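Hi everyone, thanks for coming. Let me put the structure up, and then I'll walk you through it.

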Amino acid sequence: MAMRISTFLYTLRQGAKNIWKNKMFSLASIATMSACIFLFGVFYSVVVNFQSVVKEVESGVAVTVFFEDGATQEQMDEIGIQIKKRVEVSESIFVSAEEAWQEFQKVYFEGSEEMAQGFADDNPLVNSSHYEVYMNDISMQESLVSYLQSLDGVKEVKSSDLAANTLTDFNRLIGYVSAGIILILLCVAVFLISNTVTIGIAVRREEIAIMKLIGATDYFVRAPFIVEGILIGIIGSALPLTLLYFMYRRIILYVAEKFRWLSGMLEFLPVDKVFSTLVPVGLILGVGIGFLGSRLTIRKHLKV
């Protein structure tokens with residue numbers, strides 16, 4: 001056990017020494033890693049806030065289900081039960097004919113309420129009871145509408161295909177752009193770390209040969225370079241994540257104070273909600289990139 005701990009500490013020290021010996025390349029790798037993680041963090045923060053706005057818009061898009069003339073309340077209630085069972089549905093609201101008429105009056109007779117008095121005993125929307133159905137994901141609208149149209153007692157299903165298609169395409173575009181940018185950043189970071197580790201191997205090639213001659217295992221020789229890549233990844237991700245945390249907090253406070261008129265249209269996600277995901281993902285990316293870059297380089301240049 002003591003041997004394993006001493007080996008681990010030796011590996012850690014050697015990895016740190018490698019970084020120090022190759023200061024210029026290490027700093028270049030850390031700077032590039034930091035830039036990549038910083039850009040990833042900025043992009044992530046923008047995307048999640050944008051997706052939150054899109055989700056808010058989606059939550060206001062409803063499918064309206066109208067019943068056949070003469071449908072009883074029991075039939076309407078049964079249709080409501082079937083609607084709520086669907087996985088696409090987040091909420092369904094029943095609107096009676098009386099409620100529909102009252103809402104109609106507010107919109108079309110505003111300021112001239114006396115004109116509606118002529119319909120006091122005769123509701124012109126007597127057959128307008130309906131369900132307003134809201135979805136978990138707007139892309140599910142087509143399958144939900146097909147199902148609703150198949151239900152007995154349903155006369156008509158109204159939906160906004162244009163809104164659904166636009167929002168679905170927009171979400172898909174965001175996904176593709178996100179994946180492309182992240183892939184480019186990963187490749188750049190792996191390339192820089194690979195170069196740094198390659199220099200470290202070249203500088204220590206004679207030392208490595210001596211270690212092999214006296215019986216050092218492949219793991220013992222390779223481990224310091226793996227640690228070097230991981231340390232670069234940790235430092236290169238921790239620095240920009242810390243900077244981003246304070247920047248994001250200052251920005252949302254500044255916007256809330258200076259642009260209060262935006263609060264009704266745009267509301268930033270809380271700092272904790274964004275960074276509870278961004279911090280672990282950023283650190284995992286940093287460590288993963290560092291490990292991958294050093295591992296690939298060792299396999300290519302270190303024949304042990």
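This is a predicted model: local features need pLDDT of at least 70, side-chain atom pairs count only at pLDDT 80 or more; totals for chains, interfaces and linings use all residues.

Residues are numbered from 1 along each chain as its sequence is written, and side-chain values use heavy atoms, with hydrogens and water left out.

So, the overview. The protein chain has nine helices and four strands, taking those as DSSP runs numbered from the N terminus (helices are H or I, at least four residues; strands are E, at least two). In sequence order the pattern is α-α-β-α-β-α-β-α-β-α-α-α-α. Of its 304 residues, 37% are buried; buried means under 20% relative accessible area, exposed over 50%, and partly exposed in between, with a 1.4 Å probe and protein chains only.

Now helix α3, residues 73-84. Which of its residues are buried? They are Met76, Ile79, Gly80 and Ile83. These sit on the same side of α3, because they cover an arc of only 105° around the axis, going by the directions from the helix axis to the C-beta atoms. In general, an α-helix has 3.6 residues a turn, so residues three or four places apart point the same way. And what covers them? The cover includes β1, β2, β3, α5 and β4, where contact means heavy atoms within 4.5 Å.

Over in strand β1, residues 62-67, we find Thr64. Thr64 is buried, at 17% relative accessible area. Leaving out residues up to four places away in sequence, Thr64 touches His130, Tyr131, Glu156, Val157 and Lys158.

Next, charges. The count is one salt bridge, meaning a side-chain nitrogen of Lys or Arg within 4 Å of a carboxyl oxygen of Asp or Glu. The pair is Glu88 and Arg86, at 2.9 Å, N to O. Glu88 is buried, at 4% relative accessibility, whereas Arg86 is partly exposed, at 26%.

Last stop, the surface. Leu173, Val177 and Ile181 make a nonpolar patch with about 220 Å² of accessible area together. Patches take residues with over 30% relative accessible area and no salt bridge, joining like charges within 9 Å and nonpolar side chains (Val, Leu, Ile, Met, Phe, Trp, Tyr) within 5 Å. The areas come from the Shrake-Rupley method with a 1.4 Å probe; for residues, only the protein chains shown count as cover. Val177 belongs to helix α6, residues 161-203, and is partly exposed at 38%.
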